[in-house]
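Hi,

Here is the structure I promised to pass on. Have a look at it first, and then read on for what I found in it.

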Amino acid sequence: MAHEPVPSWEEVARRYGRTIYNFAYRLAGNHDDAADLVQEVLLRVRRGLASYRPGSFEGWLWRITRNAFLDEVRRRQRRPTSPLPDDDRTRLGSVPEPGDVLAEYRLGEDVQRALLDLPYDFREAVVLCDVVGLAYDEIAEAVGVPVGTVRSRIHRGRTMLRKALS
Amino acid sequence: MNHPGDLISAYLDGELSAAEHGEVAAHLSACGECRAEAEAAAAGRAALRGLPVVEPPPGVLPAPAVPTAPRRRRRVAAWAASAAAAVAVVAGIALAGTGDRAVTMDLDTLAERHTARVVVDPGISTLRGPAGGP
């Protein structure tokens with residue numbers, strides 16, 4: 001972990017672009033913001049790679065990603081427009097099969113809506129854990145809080161979500 | 001142990017030390033209230049993990065490029081590019097009619113496999129692959 005080679009910008013885009021997009025989409029709830037964020041993150045990565053020293057690359061990358069997201073949120077709060085969450089079925093990766101899939105989409109929409117209602121800190125923690133798939137210590141590094149705080153946010157985020165869905 | 005509270009999700013995720021894990025397990029087997037909370041956390045986790053992966057619209061991510069090579073390797077790079085292009089054309093024809101996304105995804109995979117091959121061959125490697133070799 002301590003001596004991971006530094007990937008090129010193209011490798012970062014190829015390897016992580018889709019995951020960054022999903023992180024942004026789940027946090028923001030719409031495709032336009034997610035697309036803007038991916039562009040911004042890749043720009044920052046491109047600029048930052050020159051000064052990056054081998055270490056925990058994922059920690060570095062996700063710190064950049066969440067900071068870019070927060071900057072974007074703040075920028076938008078200054079000129080409030082509230083884009084409505086998109087519909088999952090418009091841009092799914094896999095081709096939907098007919099039948100019971102519709103029910104799954106609805107469920108996805110319910111979960112997305114409940115997720116957007118969570119306070120930001122909890123939403124961020126559960127998305128980094130359960131959508132992006134980071135370990136607790138990686139989340140702590142990306143967010144800049146102790147692991148104990150990560151534990152608490154993940155647990156409370158999940159139980160609040162469950163409550164909202166029931 | 002007191003009610004483990006926030007430790008419950010970390011327990012479910014295998015993110016506790018062996019000692020903590022044992023304590024939470026013992027507590028859960030004895031406390032119905034905490035078991036119910038563990039079930040709620042597990043259900044929340046399952047809902048999140050069940051969210052479909054969303055595909056970025058075309059153009060959001062840079063197109064997968066054929067790996068570039070330094071000048072002295074131009075012949076190899078040119079060969080690689082034309083080979084990749086030829087395969088891409090064939091793949092494009094084979095997939096015509098299955099929709100843009102399928103074609104895009106497939107080219108993606110194709111480029112990745114191609115890159116992997118280039119990296120494996122130290123003679124034409126330009127990426128930071130494993131250094132060394134004989």
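A quick definition before anything else: pLDDT is the predictor's confidence in each residue, on a scale from 0 to 100. You'll need that because this is a predicted model.

**How confident is the predictor?**

Chain A has an average pLDDT of 84, with 80% of its residues scoring at least 70. One stretch to watch there is residues 88–96 of chain A, where the pLDDT is below 50; the model still gives this stretch 18 contacts beyond near neighbours in sequence. For chain B the mean pLDDT is 70, and 47% of its residues reach 70 or more. In chain B, the pLDDT stays under 50 over residues 73–77, a segment with seven contacts beyond four places in sequence. Residues 95–107 of chain B are also below 50, and that stretch has twelve contacts beyond near neighbours in sequence. As for the model overall, the scores are ipTM 0.81 and pTM 0.68.

**The two chains**

Among the contacts in chain A with a separation of 6 or more, 70% are between residues 24 or more positions apart.

Chain B is built from five helices and zero strands, in the pattern α-α-α-α-α along the sequence. Buried residues make up 20% of the 134 residues in chain B. For contacts in chain B between residues at least 6 apart in sequence, 47% join residues at least 24 apart.

**Where they meet**

**Helix 1 of chain A**

A straight helix of 20 residues would span 28 Å at 1.5 Å a residue, but helix 1 of chain A spans only 25 Å between its end C-alpha atoms. If you look along helix 1 of chain A, you'll find a bend of about 55 degrees at Y16(A). Y16(A) is also one of the buried residues of helix 1 of chain A, and the others include A13(A), R14(A) and I20(A). Further along helix 1 of chain A, Y21(A), N22(A), F23(A), A24(A), Y25(A), R26(A), L27(A) and A28(A) are buried too. Just after helix 1 of chain A comes G29(A), which takes a positive phi of about 85 degrees.

**The nonpolar core**

Which residues have the most contacts inside the largest nonpolar core? They are A24(A), V38(A), L128(A) and I139(A), in a core of 57 residues. Helix 1 of chain A supplies the largest share of this core, nine residues. As background, nonpolar side chains tend to be buried together in soluble globular proteins.

**Two residues to look at**

First, R44(A), in helix 2 of chain A. Is R44(A) buried, exposed or partly exposed? R44(A) is partly exposed, because 16 other C-beta atoms lie within 10 Å, and a residue needs 20 or more to count as buried and 12 or fewer to count as exposed. Not counting residues up to four places away in sequence, R44(A) touches I64(A) and A68(A). R44(A) and L61(A) are 17 residues apart in sequence, with 9.6 Å between their C-alpha atoms.

Then there is G5(B), in the segment before helix 1 (7–12) of chain B. With 14 other C-beta atoms within 10 Å, G5(B) is partly exposed as well. G5(B) and A38(B) are 33 residues apart along the chain, and their C-alpha atoms are separated by 9.1 Å.

Happy browsing!

Methods
Residues numbered from 1 in each chain as written. Chains lettered and ligands numbered in written order. Helix = DSSP H or I, 4+ residues; strand = E, 2+ residues; numbered from the N terminus. Contact = placed C-beta atoms within 7 Å. Expected span 1.5 Å × (residues − 1). Bend = angle between axes of the 7 residues up to and from the residue. Core = buried A, V, L, I, M, F, W, Y, C linked by C-beta atoms within 7 Å.
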